[in-house]
Amino acid sequence: MKRLIYLSSAVRLATRDDLARILGAARRNNRRDGVTGLLMYHDGTFLQILEGEEEAVDRVFGRIALNDLHRGIQSLPPTQVRERLFADWTMAFANPDTLCGDDDLGAKAFEAVRQDLDRIEALDKRAAIFVRTFFSTFRDLGSLTGV
Ligand SMILES: Cc1cc2nc3c(=O)[nH]c(=O)nc-3n(C[C@H](O)[C@H](O)[C@H](O)COP(=O)(O)O)c2cc1C
(Lines give C-alpha, C1' and ligand atoms only; values in the text may rest on other atoms or scores of the structure.)
Protein backbone atom coordinates (compact mmCIF):
# COMPACT_ATOMS: atom_id res chain seq x y z
CA MET A 1 0.00 0.00 0.00
CA LYS A 2 0.97 3.56 -0.54
CA ARG A 3 0.73 6.48 1.89
CA LEU A 4 0.80 10.04 0.62
CA ILE A 5 0.94 13.22 2.69
CA TYR A 6 0.49 16.71 1.31
CA LEU A 7 -0.16 20.28 2.35
CA SER A 8 -1.98 22.85 0.25
CA SER A 9 -3.42 26.35 0.45
CA ALA A 10 -7.06 27.21 -0.15
CA VAL A 11 -7.44 29.89 -2.85
CA ARG A 12 -9.87 31.60 -0.46
CA LEU A 13 -11.07 30.67 3.00
CA ALA A 14 -13.12 27.52 2.50
CA THR A 15 -16.79 27.87 3.28
CA ARG A 16 -18.90 25.32 4.99
CA ASP A 17 -20.32 24.40 1.57
CA ASP A 18 -16.84 23.90 0.10
CA LEU A 19 -15.89 21.59 2.93
CA ALA A 20 -19.19 19.72 2.75
CA ARG A 21 -18.64 19.09 -0.96
CA ILE A 22 -15.09 17.85 -0.45
CA LEU A 23 -16.19 15.65 2.39
CA GLY A 24 -19.12 14.28 0.38
CA ALA A 25 -16.86 13.33 -2.53
CA ALA A 26 -14.24 11.87 -0.22
CA ARG A 27 -16.78 9.75 1.63
CA ARG A 28 -18.32 8.46 -1.56
CA ASN A 29 -15.20 7.82 -3.60
CA ASN A 30 -12.71 6.81 -0.95
CA ARG A 31 -14.89 4.10 0.48
CA ARG A 32 -15.45 2.71 -3.01
CA ASP A 33 -11.74 2.80 -3.79
CA GLY A 34 -10.50 1.53 -0.43
CA VAL A 35 -8.74 4.79 0.32
CA THR A 36 -8.55 5.86 3.94
CA GLY A 37 -6.87 8.78 5.61
CA LEU A 38 -7.14 12.10 7.32
CA LEU A 39 -8.07 15.54 6.04
CA MET A 40 -7.54 18.57 8.20
CA TYR A 41 -8.45 22.12 7.32
CA HIS A 42 -7.84 25.28 9.24
CA ASP A 43 -7.55 28.91 8.25
CA GLY A 44 -6.80 28.33 4.57
CA THR A 45 -4.51 25.32 4.93
CA PHE A 46 -5.25 21.70 4.12
CA LEU A 47 -3.28 18.72 5.34
CA GLN A 48 -4.24 15.37 3.91
CA ILE A 49 -2.97 11.85 4.38
CA LEU A 50 -4.14 9.29 1.83
CA GLU A 51 -3.48 5.57 2.00
CA GLY A 52 -4.57 2.59 -0.06
CA GLU A 53 -3.57 0.59 -3.10
CA GLU A 54 -1.10 2.48 -5.23
CA GLU A 55 -3.38 3.04 -8.25
CA ALA A 56 -6.31 4.08 -6.06
CA VAL A 57 -4.22 6.67 -4.21
CA ASP A 58 -2.76 7.97 -7.47
CA ARG A 59 -6.22 8.30 -8.98
CA VAL A 60 -7.73 10.18 -6.06
CA PHE A 61 -4.67 12.41 -5.73
CA GLY A 62 -4.96 13.18 -9.44
CA ARG A 63 -8.52 14.42 -8.92
CA ILE A 64 -7.55 16.36 -5.81
CA ALA A 65 -4.70 18.08 -7.62
CA LEU A 66 -7.14 19.29 -10.28
CA ASN A 67 -9.49 20.89 -7.79
CA ASP A 68 -9.19 24.66 -8.08
CA LEU A 69 -10.26 25.29 -4.50
CA HIS A 70 -6.63 24.93 -3.54
CA ARG A 71 -3.15 25.46 -4.95
CA GLY A 72 0.48 25.11 -3.99
CA ILE A 73 0.24 21.41 -3.25
CA GLN A 74 3.42 20.23 -1.53
CA SER A 75 3.52 16.49 -1.26
CA LEU A 76 6.09 14.41 0.56
CA PRO A 77 7.65 11.47 -1.27
CA PRO A 78 5.10 8.65 -0.88
CA THR A 79 5.96 5.66 1.29
CA GLN A 80 5.08 1.99 0.94
CA VAL A 81 3.30 0.74 4.03
CA ARG A 82 1.86 -2.54 5.22
CA GLU A 83 -0.61 -1.22 7.74
CA ARG A 84 -3.14 1.57 7.52
CA LEU A 85 -2.88 4.44 9.96
CA PHE A 86 -6.57 5.19 9.59
CA ALA A 87 -9.24 2.52 9.51
CA ASP A 88 -11.73 4.82 7.91
CA TRP A 89 -12.00 8.24 6.48
CA THR A 90 -11.50 11.07 8.94
CA MET A 91 -11.97 14.74 8.47
CA ALA A 92 -11.10 17.18 11.20
CA PHE A 93 -11.69 20.89 11.31
CA ALA A 94 -11.34 23.66 13.72
CA ASN A 95 -13.08 26.61 12.26
CA PRO A 96 -14.35 28.66 15.16
CA ASP A 97 -17.05 30.45 13.16
CA THR A 98 -18.78 27.69 11.33
CA LEU A 99 -17.42 24.35 12.34
CA CYS A 100 -15.92 23.12 15.52
CA GLY A 101 -15.73 19.40 15.07
CA ASP A 102 -18.29 16.72 15.81
CA ASP A 103 -20.90 18.79 14.00
CA ASP A 104 -23.37 17.66 11.41
CA LEU A 105 -20.70 17.29 8.72
CA GLY A 106 -19.34 14.48 10.81
CA ALA A 107 -15.99 16.15 11.26
CA LYS A 108 -13.93 15.25 14.27
CA ALA A 109 -12.61 17.84 16.63
CA PHE A 110 -8.88 18.49 16.35
CA GLU A 111 -8.63 17.45 19.97
CA ALA A 112 -9.57 13.89 18.95
CA VAL A 113 -6.76 13.89 16.38
CA ARG A 114 -4.33 15.21 18.95
CA GLN A 115 -5.28 12.42 21.32
CA ASP A 116 -4.54 9.94 18.56
CA LEU A 117 -1.04 11.30 17.92
CA ASP A 118 0.90 8.80 20.01
CA ARG A 119 -0.64 5.96 18.08
CA ILE A 120 0.06 7.71 14.76
CA GLU A 121 3.64 8.39 15.80
CA ALA A 122 4.28 4.75 16.67
CA LEU A 123 3.30 3.76 13.11
CA ASP A 124 4.57 6.71 11.08
CA LYS A 125 6.82 9.33 12.67
CA ARG A 126 6.71 11.55 9.63
CA ALA A 127 2.92 11.67 9.59
CA ALA A 128 2.91 12.58 13.29
CA ILE A 129 5.44 15.36 12.69
CA PHE A 130 3.25 16.82 9.97
CA VAL A 131 0.12 16.74 12.11
CA ARG A 132 1.98 18.32 15.03
CA THR A 133 3.46 20.96 12.73
CA PHE A 134 0.00 21.71 11.37
CA PHE A 135 -1.26 22.38 14.92
CA SER A 136 1.73 24.49 15.87
CA THR A 137 1.50 26.63 12.71
CA PHE A 138 -1.67 28.28 13.99
CA ARG A 139 -1.43 30.45 17.05
CA ASP A 140 -5.08 29.85 17.82
CA LEU A 141 -4.48 26.10 18.00
CA GLY A 142 -1.79 26.52 20.65
CA SER A 143 -3.64 24.36 23.15
CA LEU A 144 -3.18 21.37 20.83
CA THR A 145 0.58 21.55 20.64
CA GLY A 146 1.18 20.48 24.20
CA VAL A 147 3.60 23.29 24.98
C1 LIG B 1 -8.26 19.61 -0.11
C2 LIG B 1 -9.12 18.68 -0.91
C3 LIG B 1 -9.20 17.34 -0.55
C4 LIG B 1 -9.96 16.44 -1.28
N5 LIG B 1 -10.00 15.12 -0.91
C6 LIG B 1 -10.68 14.24 -1.66
C7 LIG B 1 -10.67 12.86 -1.36
O8 LIG B 1 -10.04 12.41 -0.39
N9 LIG B 1 -11.36 12.01 -2.16
C10 LIG B 1 -12.06 12.46 -3.24
O11 LIG B 1 -12.66 11.64 -3.93
N12 LIG B 1 -12.11 13.76 -3.54
C13 LIG B 1 -11.44 14.65 -2.79
N14 LIG B 1 -11.48 15.99 -3.11
C15 LIG B 1 -12.39 16.43 -4.20
C16 LIG B 1 -11.81 16.18 -5.58
O17 LIG B 1 -10.94 17.25 -5.93
C18 LIG B 1 -12.92 16.07 -6.63
O19 LIG B 1 -13.73 17.23 -6.57
C20 LIG B 1 -13.80 14.86 -6.40
O21 LIG B 1 -13.01 13.71 -6.23
C22 LIG B 1 -14.75 14.66 -7.58
O23 LIG B 1 -15.56 13.58 -7.22
P24 LIG B 1 -16.86 13.22 -8.07
O25 LIG B 1 -16.38 13.01 -9.48
O26 LIG B 1 -17.37 11.95 -7.41
O27 LIG B 1 -17.80 14.37 -7.86
C28 LIG B 1 -10.70 16.90 -2.40
C29 LIG B 1 -10.61 18.25 -2.76
C30 LIG B 1 -9.84 19.12 -2.04
C31 LIG B 1 -9.77 20.58 -2.44
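Q: How far is an oxygen atom of the ligand from an N or O atom in the side chain of R63?
A: In this predicted model, the distance is 2.9 Å.

Q: What about the side chain of Q48, how far is an N or O atom there from an oxygen atom of the ligand?
A: That pair is 3.0 Å apart. R28 also has a polar side-chain atom 2.9 Å from an oxygen atom of the ligand.

Q: How much of the ligand does the protein bury?
A: The ligand taken alone exposes 620 Å², and 79% of that is buried by the protein.

Q: Which residues around the ligand are the closest?
A: R28, N29, N30, Q48 and R63, out of 16 residues that surround the ligand.

Q: Which pocket is the ligand's space?
A: The ligand takes up the space of the largest pocket.

Q: Which elements give two or more residues to the shell around the ligand?
A: α1 (16–33), β3 (45–52) and α2 (54–66). The most comes from α1, with 6 residues.

Q: Switching to the pocket, what volume does the largest one have?
A: About 370 Å³. Its lining has 17 residues, and the closest to the pocket centre are I22, A25, A26, I64 and N67.

Q: Which elements supply at least two residues of that lining each?
A: α1, β3 and α2 do. Here α1 gives the most to the lining, with 6 residues.

Technical notes
Residues numbered from 1 in each chain as written. Predicted model: local features only at pLDDT ≥ 70, side-chain atom pairs only at ≥ 80, totals over all residues. Heavy atoms only, no water. Near = heavy atom within 4 Å. Polar contact = N/O pair within 3.5 Å; in protein donor to acceptor, adjacent residues only side chain to side chain. Areas by Shrake-Rupley, 256 points an atom, 1.4 Å probe, with all protein chains shown as cover. 1 Å grid on protein atoms, 1.4 Å probe; cavity = no way out; pocket = protein on both sides within 12 Å on 5 of 7 lines; lining within 4 Å. Sits in = over half its atoms within 2 Å of the grid points. Helix = DSSP H or I, 4+ residues; strand = E, 2+ residues; numbered from the N terminus. Points joined across faces, edges and corners; volume = space filled by probe spheres on them.
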